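Hi,

Here is the structure I promised to pass on.

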Amino acid sequence: QVQLVESGGGLVQAGGSLRLSCAASGRTFSWYAMGWFRQAPGKEREFVAAIDWSGARIYYADSVKGRFTISRDNAKNTVYLQMNSLKPEDTAVYYCAEGATAQTMGVMTSYPNWGQGTQVTVSS
């Protein structure tokens, strides 16, 4: 079992930046893909970005492409989401997830392990 703890959320003005972190513990972190998802009030949880075990394969949702960057440091058991040029529509609870394969890392149901989430609020 893997425990995931997100941090780095907060309140930021439109156009600003935040960096989210997700620290993993419990077993070998580097074998699996990691993903970030988000859920806005009244909406379903949606895919944001994913990265395979080596960092060689990365996917982004179209809505964040060019603004967000996902990365991972396997030595630190941590995955990051750098969010730039934030918009009010990026407001959501952001969740990290672990356990998918490189082939399925864009699919939410492929992730068995989830963090508790961190709130990101972007004011206009």
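**Salt bridges**

The count comes to four salt bridges, where a salt bridge is a side-chain nitrogen of Lys or Arg within 4 Å of a carboxyl oxygen of Asp or Glu. Before you dig in, two housekeeping points. This is a predicted model, so to speak of local features I needed pLDDT of at least 70, and side-chain atom pairs count only at pLDDT 80 or more, while totals for chains, interfaces and linings use all residues. Residues are numbered from 1 along each chain as its sequence is written, and side-chain values use heavy atoms, with hydrogens and water left out.

Let's start with Asp 90. Arg 38 forms a salt bridge with Asp 90, and the closest N and O atoms are 2.9 Å apart. Arg 38 lies in strand S4 (residues 33–39) and Asp 90 in the loop between S8 and strand S9 (92–100), so this pair ties together parts that are 52 residues apart in sequence. Strands here are DSSP runs (E, at least two residues), numbered from the N terminus.

Arg 67 also meets Asp 90 in a salt bridge, at 2.7 Å from N to O. With Arg 67 in the loop between S6 and S7, and Asp 90 in the loop between S8 and S9, the pair ties together parts 23 residues apart in sequence. Salt bridges that share partners join Arg 38, Glu 46, Arg 67 and Asp 90 into one network.

Are the residues Arg 67 and Asp 90 buried or exposed? Both of them are buried, meaning under 20% relative accessible area, with exposed being over 50% and partly exposed in between (1.4 Å probe, protein chains only). Asp 90 has a relative accessible area of 1%, and Arg 38 counts as buried too, at 6%.

Asp 62 is exposed, with a relative accessible area of 65%.

**A buried Asp with no salt bridge**

Asp 52 is the residue I'd click on next. You'll find Asp 52 in the loop between strand S5 (46–51) and strand S6 (58–60). Asp 52 is buried yet has no salt bridge, and the nearest side chain of opposite charge, Arg 57, is 4.7 Å away. For charges, Lys and Arg count as positive and Asp and Glu as negative, while His and the chain ends are not counted.

What does the side chain of Asp 52 reach? It reaches the backbone nitrogen of Gly 55, at 2.8 Å. Leaving aside neighbours within four places in sequence, Asp 52 is in contact (heavy atoms within 4.5 Å) with Ala 33, Arg 57, Arg 72, Ala 102 and Met 105.

**Hairpins around S5**

S5 and S6 form a hairpin with six residues between them, and Gly 55 in the turn has a positive phi of about 85°. Three bridges join these antiparallel strands, S5 and S6; two strands pair if DSSP finds at least two bridges between them. Ile 51 stands opposite Ile 58 in S6.

Five of the six residues of S5 are buried, so S5 is largely enclosed by the rest of the structure.

**The open sheet**

Four strands form an open, antiparallel sheet in the order S1-S3-S8-S7. Strand S1 (3–7) and strand S7 (68–73) stand at the edges with a single partner strand each, so one side of each is left without a neighbour in the sheet.

As for the pairings, S1 and S3 are joined by five bridges, with Gln 3 opposite Ser 25 in S3. Strand S3 (residues 18–25) and strand S8 (residues 78–83) pair over six bridges. Within S8, Leu 81 stands opposite Leu 20, and Tyr 80 is the bridge partner of Ser 21.

Finally, Thr 69 is found in strand S7 and is partly exposed, with a relative accessible area of 41%. Leaving aside neighbours within four places in sequence, Thr 69 is in contact with Tyr 60, Tyr 80, Leu 81 and Gln 82.

Cheers

Conventions. A polar contact is a pair of N or O atoms within 3.5 Å; within protein, one must be able to donate a hydrogen and the other to accept it, and residues adjacent in sequence count only if both atoms are side-chain atoms.
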